[in-house]
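Keep the structure open while reading.

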Amino acid sequence: MKPSTTLPTKPMVGVVMGSRSDWETMAHAAETLDAFAVPFEVRVLSAHRTPDALLEWASTAEARGLAVIIAAAGGAAHLAGVTAAKTTLPVLGVPMESAALKGMDSLLSTVQMPAGIPVATFAIGRAGATNAALFAVAILAGRDQRLRAALHQYRKNQSDKVLAVGDPRTSPTGSAQAGRRNSRSK
Ligand code: RP5
């Protein structure tokens, strides 16, 4: 009998953000999870504007089968912390770049959690969104050989792209984010 190559379809990661205005940044997290064929759910919920709905979503996340949560918010960013207060799943916080303080407010309010309720906090903005997704994949890869292989391939693609630049005066422009290409393992 042929071994099953079916990819998982039930959401393993929950991506939550405080506002629709965060989506442009968080689309990079979604794109990264998609590149690894990790199923995820996405919600807009706010610690301040929809507190009851957030508590319900966070407290039922584990029962829905989620293994990791990525929570993104800006300004007085309490979303990741409140989510972490209602679940023991790992919560990865992504501070959004705010207009007033360039995300320093989001960063500090996400990272400065009291002892006992951890939030793993990433860089402000797009880099944080991408890295939170990669970190979620790394967590899942601990028990998933397909994802372990895909992560190794992602890193190799990224290194190859950087090394292929050679002399930047004579090579085409582009970012080093090539790792997401071909990152699905066979
Ligand atoms: C936070 O307030 C959201 O996460 C967003 O980053 C910020 C601004 O929200 P909007 O006023 O754009 O909805 O709750």
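The model is predicted.

**Ligand surroundings**

- The ligand takes up the space of the largest pocket.

- Ser-19 has a polar side-chain atom 2.6 Å from an oxygen atom of the ligand.
- In the side chain of Asp-22, an N or O atom is 2.6 Å from an oxygen atom of the ligand.
- Gly-74 takes part through its backbone, where an N or O atom lies 3.1 Å from an oxygen atom of the ligand.
- The ligand taken alone exposes 360 Å², and the protein buries 64% of that area.

**Aromatic pairs**

- How many aromatic pairs does the count come to? The count comes to 2 aromatic pairs.
- The ring centres of Phe-36 and Tyr-154 are 5.5 Å apart and the ring planes are at 40 degrees, so this pair is tilted.
- The cut-offs behind that label are these: planes under 30 degrees apart count as stacked, over 60 as edge-to-face and the rest as tilted.
- Phe-36 lies in the loop between helix H1 (23-35) and strand S2 (40-44), while Tyr-154 lies in helix H6 (residues 145-163), so the pair ties together parts that are 118 residues apart in sequence.

How values were computed. Residues numbered from 1 in each chain as written. Predicted model: local features only at pLDDT ≥ 70, side-chain atom pairs only at ≥ 80, totals over all residues. Heavy atoms only, no water. Polar contact = N/O pair within 3.5 Å; in protein donor to acceptor, adjacent residues only side chain to side chain. Areas by Shrake-Rupley, 256 points an atom, 1.4 Å probe, with all protein chains shown as cover. 1 Å grid on protein atoms, 1.4 Å probe; cavity = no way out; pocket = protein on both sides within 12 Å on 5 of 7 lines; lining within 4 Å. Sits in = over half its atoms within 2 Å of the grid points. Phe/Tyr/Trp six-rings, centres within 6.5 Å; stacked < 30°, edge-to-face > 60°. Helix = DSSP H or I, 4+ residues; strand = E, 2+ residues; numbered from the N terminus.
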